[in-house]
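This report goes through one structure, from the fold of one chain to the way it meets its partner. The sequence and the coordinates come first.

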Amino acid sequence: MSEAIIEINDDSFEMEVLNSEKPVMVDFWAPWCGPCRAIGPIVEELEKAYGDKVKFVKVNVDDNPVTPSKYGIRAIPTMIFFKNGESVKDITGMVAKTKLEDTIKSLL
Amino acid sequence: MSLTDYDLVIVGAGPAGLCAGIYAARAKMNVLILEKTAPGGQIIITDWIENYPGFPDGISGFDLGAKMLHQAKNLGVEIDTSEVLSMEISEERKLLHLKGRIISSKTVLIATGAYPRRLNIGEDKFIGKGVSFCATCDAPFFKGKKVVAVGGGDTAVQEAMYLTKFAEKVYLVHRRDELRAAKILRERAFKNDKIEFVWDSVVSGMSGFFNVENVRIKNVKTGKEKTIQADGCFIWIGIIPNTSFLGDFLELDKSGAIVTDSNMATSVPGIFAAGDVRATPLRQVATAVSDGAIAVMSAEHFIENTSA
C-alpha cells in the first residue's frame, strides 16, 4: 500500500479529515471485501495524480465502528469526499475511475 | 494526427479480457487492455468459486481474478485504467474514443461483461443503505439481522448461503416454485435452517427512513402482498450485458448481448466479443476464458488476411 494514503482511525478522524485544510477523500474498506481491495490500485493512481491538492485516507471499518456508523455506511467500498469538515459526496461500489476522478476535480 | 496503433485492443479486464491478453501477449501482438475500474470482473465480488478447474478446494473470486491479472502482467500485458466512451469504425482501423485521446487498433475485442439487473421498484435510493448486489462486501453489516435475497439461480443461492454466516435469517424470494440453481447448491440451501424460501413471489417495494426497514413481497400467483421486517435486500436476478457505449453498429440479441459466430466474430469484421457480454448459452468463468482465447486466434487471422 502506498505510504501516501494514510490509514486513519476513529480517534484521528476529526484531526485528519474534519480539520484538514485540503479536501479529503476517505476510502472506507475492509480486508475481507474483494472490491475494496481491487479498487485499491485505482485510489493509488488518483493519489499520485492529485495528492498535492487532495488528501487521501483509508478507514478499516472492522477496526473502526464509530465513524462508519456516524456516516450511515452499510456497504463498502464507500468513498466519502470532505471539504471544510463537511461531507459533500459519497460514492458506493466498485465504480469507474473517471467517476471518482470527476468528483475529485469538483472539489478543487 | 499520430495515433498509437495496436494490433488488438481489449475492452474489459475480466476473465475473458485477461485470458485474451495472455494469449495475445504470447502471440507477440501489440496489445492493450482498457479497464474502467478494477481488473477481475464480476468474480471479484464472489465469495467462492468451486467449478473453475484447477482449484480442488475452490478459490475466492478475488484471488482467482488477482491470479489472472498477475499472469497477464507477468507476460507484459499493458492495462490502462480508462473508459471507452464510443467507437468509430473505418475500413482499416477501429478507433476508440477515450477521455482526451483516441486509440487506433487493427482489431478490437469487446469483453465488457455484464452488470446486475435491477428490480426497478425504486430501490436505487437504498443502494448502500440496505440494497446490495454484493454479499462479500456487505453481509457483515447485517450481523444478527434479517435480510431478503431475491433470485433463484446459482448466484442467488450461493450468496444467500454466504449471508447466513452473518444474518439471523435470510428470506430467499423467487418468482417461481423451483430454483434454477445447480442441484448441489439447492441441496445445501434446503438444509440451511437460516434460509426461509418465499416461492412464487417478487419484491414489490421497500421502505425505511434512511436505510431499508421493511420489504414488501407479492405472490405472483395469488396477487397477495405481505410486508417483511428486513434491514437488507440483496438482489441477484440476472445480469445485463454492458453494450450501451457501443451505439448500434454491432448486432445484438434481444437481451442486448453481442451476437457472434463460433469464432467470436461480431457483425463487424475485425471486432470480436468474448465472455458475458456476448450471446452465449452459458455465462461462467470457464466459458469466458475459452471465448477470450478463441477471439485472439480470430483476431490474428483477421490481421494476416487483411494486411496483404
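Along its sequence, chain A runs through the pattern β-α-β-α-β-α-β-β-α. That amounts to four helices and five strands. The radius of gyration of chain A is 12 Å, close to the 13 Å that the globule rule gives for 108 residues, so chain A is as compact as a globular protein of that length. The model is a predicted one. Some overall values for chain A are listed below.

| Property of chain A | Value |
|---|---|
| Box filled by the C-alpha atoms, along the principal axes | roughly 30 × 30 × 25 Å |
| Buried residues, as a share of the 108 residues | 40% |
| Contacts joining residues at least 24 apart, among those between residues at least 6 apart in sequence | 73% |

Helix 2 of chain A can be followed in more detail. This helix covers residues 34–50, 17 residues in total, and its first and last C-alpha atoms are 25 Å apart, close to the 24 Å expected at 1.5 Å a residue. Helix 2 of chain A also carries a kink of about 35° at A:Gly40, shortly before the proline A:Pro41.

Where the two chains meet, 23 residues of chain B are in contact with 20 residues of chain A. On the chain B side, helix 2 and helix 3 each supply at least two residues. Helix 3 of chain B gives the most, with three residues. By class, the side of chain B that touches chain A has nine nonpolar, nine polar and five charged residues.

Chain B itself is assigned two stretches as domains: domain 1 (5–115 + 239–306) and domain 2 (118–235). Taken over C-alpha atoms, the centres of domain 1 and domain 2 of chain B are 32 Å apart.

Note on methods
Residues are numbered from 1 along each chain as its sequence is written. Chains are lettered from A and ligands numbered from 1 in the order in which they are written. This is a predicted model: local features need pLDDT of at least 70, side-chain atom pairs count only at pLDDT 80 or more; totals for chains, interfaces and linings use all residues. The expected span of a helix is 1.5 Å times one less than its number of residues. The bend at a residue is the angle between axes fitted to the seven residues ending there and the seven starting there. Two residues are in contact if their C-beta atoms, placed from the backbone, lie within 7 Å. Ala, Val, Leu, Ile, Met, Phe, Trp, Tyr, Cys and Pro count as nonpolar, Asp, Glu, Lys and Arg as charged, and the others, Gly among them, as polar. Domain bounds come from an automatic or database domain assignment. The radius of gyration is taken over C-alpha atoms; the globule rule is 2.2 Å times the number of residues to the power 0.38. A residue is buried if 20 or more other C-beta atoms lie within 10 Å of its own, exposed if 12 or fewer, and partly exposed in between; C-beta atoms are placed from the backbone.
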